[in-house]
Amino acid sequence: MIVGVPRALLYYVYYPLWRRFFAELGVGCILSPPTNEAIMNSGARAVVDEACAPVKIAMGHVLALAPEVDYVLVPRFVSVEPRTYICPKLMGLPDMIRQSGQKTPPLLAPDIDMSKGYFGLARALMDTSRCLEKGLWSTVRSFHHSLAEMRRIKHKLIAGQTPEEAFHGTSRRRKPGRRLRIAVLGHPYNVYDPLLSMNIVDRLRAQGIDVITAEMLPLEHISLGLSQLRKKLFWSLSKMVLGAGLYFVNHAAEVDGIILLSSFGCGLESLVADLLERHARRQEFPFMQLTVDEHSGEAGLITRLEAFVETVEGRILNARNLSPHGDHEFRHAGTP
Amino acid sequence: MRVTFPHMGTMSFAMQALLENLRLQVVPPPPITNRTLMLGAKYSPECVCLPFKVNIGNFIEAIELGADTVVMGGGIGPCRFGYYAELQQEILQDLGMRVNMIVLEPPQGANGGLWSRISKLSVGQSLWHVAAASYFAWHLCKGLDGVLQSLDLLRARETVPGSCDRIWNAAQKSIGQARTYRALRRAEKEIRHEIATLSLHLHKRPLRIGLVGEIYMLLEPKVNLHLAERLGYLGVEVHRSMSVSDWVARHLVPNPRARMHTRKVHEAAKPYLRGFVGGHGLETIGESVLFAEGGIDGIIQVLPLTCMPEIVAQSLLPSISQRYGVPIITLVLDEHAGEAGLQTRLEAFVDMVGARRVHRGGGVSCAK
Amino acid sequence: MPSKVFLGLDVGSVSTKVVAIDALGQVLASSYLPTQGQPIAAIQSALREIARALPPGVPVAGVATTGSGRVMASALVGADVVKNEITAHATATLRVLPSVRTIIEIGGQDSKIILLNHGVVTDFAMNTVCAAGTGSFLDRQAHRLGVPITALGELALQATSPTRIAGRCAVFAESDMIHKQQTGHSLSDIVAGLCEALVRNYLSNVAKGKTIVGPVSFQGGVAANVGILRAFESALALPVIVPEHYDVMGALGVAYLAQPIAGQTRFRGFGVVAANCQVKGEDCDGCGNRCEVVGFSINGRVQAYWGDRCGKYSHENYLSVGT
């Protein structure tokens, strides 16, 4: 039996866990190739236009895996910690794929719902063991072992590797950034998707800029950032973004500026980006939001990145009295 | 303390009655106009959903009239609504508006905290008084919703165009402004009488169209560009999947009948959507299935642009349309939505649904 | 000489179309004029053209209007039928090309897809607010490139390798196009890229999720552009037919809808071309809505109202035009 893992959405968080889990269980596991135009286009054709680019890309990866696998792993992520949620579109994704009218292999789609407590995980494991026809005990044991893998990977992330580098051991030795240190925040499937983000991390690194993302921060720093909020945030993805953002805004020595990369039409980001921008503006902290989707052109992104980097540099030179805020939004003005 | 609240269909009347019966000075926000939408859109994040923007517009216009306290809903769930109030406070603060926001939700999930927030509004009044005022507001809301529901069905048959609208205007003034059970009962009786004596084309068999979708867009006529009325004038019997009082019955109070309905809706949605996706995405699917099984002629889904749960529902509706052979159209609205475009879509949809009914054999299946 | 004629008016935001047909449905005269923000003047000049083209003294037996200005147009000329554009286009196409299963209509500011089966509309969609899949997008880019809009199609056919122009909306497509121009792509390749971008935007926005079955009819002003036609053919891998009166199909459709009208027409006569029309807005203080009610008067007499939400004034129109 072969399970296909789409290189999309929460792959960028949980792949090491899944890989180890399937390996321990003796189930074959293959990964779809990095996002390319063909994947994006086939996904965009199969999903309603109102859906966000990451969902379209995920659909494309499922279609790309279809000819080669017995199952595709698309967990129904509802919640990964009590009283928080992922995102409605991710909660509906397995059903969206099933009802899309596309030819897809059966989905391995356990409900991952810990909104009411961690025992929700037990159900997910039971579902999986039934679906893969493996014993419940070996499923639980494999899962337990794969959690250790997640901790190992987190160390690599904190050392400054991106998830792709940490997962596949492709990290190369880099000289420390000569120029600046910039935080690139956003949902992991936006920031690390090579096509959607247009390799923003590598682009900045190539210019001698140190990049730090929310995933590279220890969780304590994220919680420290979040402690600024009156009401607890209840979306796991946004907690990472806003927690990291608020931490950086209040620890100005950590980074020189924040870039928030979000996909067009993202519901969570519409609130979170605005909150973060308000906090950044009050502290006069350099902040830029880039909004991308499947129609974005590279030229626009490059221009904005360069302008932002130069503004941040100028600000450092000019004794920190320049506010780099302005119309940096990279988006489709005409789309609603 | 001068209290205000956001508009949402008939809830506005209930809210006003509740707050006034708590002997508070109430500044209801002015009716939603283009200015409200414009203010809301100007000061809200661009990609946030429309209800958020209209709320902001309501708050600003009420604060202009002297309101200093805003009562707002909250909660925790995948939908953005739960975090509305937090960002709205920041926005009003950055605008330099000194306003106190009371969010009616259990803070950090502790129910005890909810009472302390309510008691900010009910200074010196007993729990009993608050409960009685809430109970009255619920009756008032139910009364208005009942009228609205009848008119949704009857507008297609009225012989004098506009007579249903006249009744609705009267109901808003009489039922909506009632503050005692006596006044409420009298007003309801009057309106019921008017509805009963309405001159109707009784032989007419109008098309039946179900409205599903995001609750705010379903229920706030100024924001959905008077969708139900438009359909009525096109000769359509309108079946709304939800009213404000339905929502209260299903979510806020332990009402066994409403709970049973919710279970039925979830069961109906199951073959298409396995579990809840926040907001009313699951309800949209379930209600559509129930409508289709009931032999409805067409279904209209209405949602604010970028609404996450409804986008999930939207992508599943074609399966239902195909399975039951019922036409379904999705209307995505935001502050730029034009009336002309909406009217054209509605007319075309009604034409299409009508032609299909004729094609299917004289609408036998719809004789109900 | 025909015994009687029927008029169809399609008043869009970009262009105004008028068609005159005889009792058999033959097109006797048609007129296509830019609206230029003055629909009343446009209707009047279009009617003047039609009146000139028709044999003198033919009675007008029915008039119908469609398009975003249909209510105003109906008040102006006195229409028997007021219909939405979707039904109008479907009616015309079903009469002219009965076998067509899919209609692609791209006009100045609107684009539509209409699916037909057994002579009935089974599904339809219109573009959302964005203008990237419409004619005005093409107009604007042609203007920017300095190419007359009529030459755009021929130019696109000369392309050897169409360049890819990114962007969901007009503004971004434009900036990407400028970028491509500056990197030295040939004009014809850019124009062909534009045509492909428009088709791509149309298919991914308007036609999203619709199963397109042939034969396909391509109509609306943009159908004059061969470049777009070819791009559609290659994207759909289906034969695409452009009907003879592709640019006035909406007007033709309502003219057909006016044909079954029995009895006296409400048509005010061709005299309206010289009428002095006034549109006056007034705030109504009947309720909290404070709608701007627009009164439409001809030669000083109020003929119709619109703009009121409650229908206090416009019910009269609903009664008289019978949508």
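Chain A has 336 residues and a radius of gyration of 20 Å, which agrees with the value near 20 Å for a compact globule of that length; the radius is taken over C-alpha atoms, and the globule rule is 2.2 Å times the number of residues to the power 0.38. This is a predicted model, in which local features need pLDDT of at least 70, side-chain atom pairs count only at pLDDT 80 or more, and totals for chains, interfaces and linings use all residues. Residues are numbered from 1 along each chain as its sequence is written, while chains are lettered from A and ligands numbered from 1 in the order in which they are written.

The C-alpha atoms of chain A fill a box of roughly 65 × 40 × 40 Å along the principal axes. Its secondary structure comes to 13 helices and ten strands, which are DSSP runs numbered from the N terminus (helices: H or I, at least four residues; strands: E, at least two).

Chain B holds an open sheet of four strands, in the order 6-5-7-8 with parallel pairing; two strands pair if DSSP finds at least two bridges between them. Strand 6 (236–240) and strand 8 (328–333) of chain B are the edges, each pairing on one side only. Within the sheet, strand 5 (residues 207–213) and strand 7 (residues 298–304) of chain B run parallel and are joined by five bridges. Ile209(B) stands opposite Gly298(B) in strand 7 of chain B.
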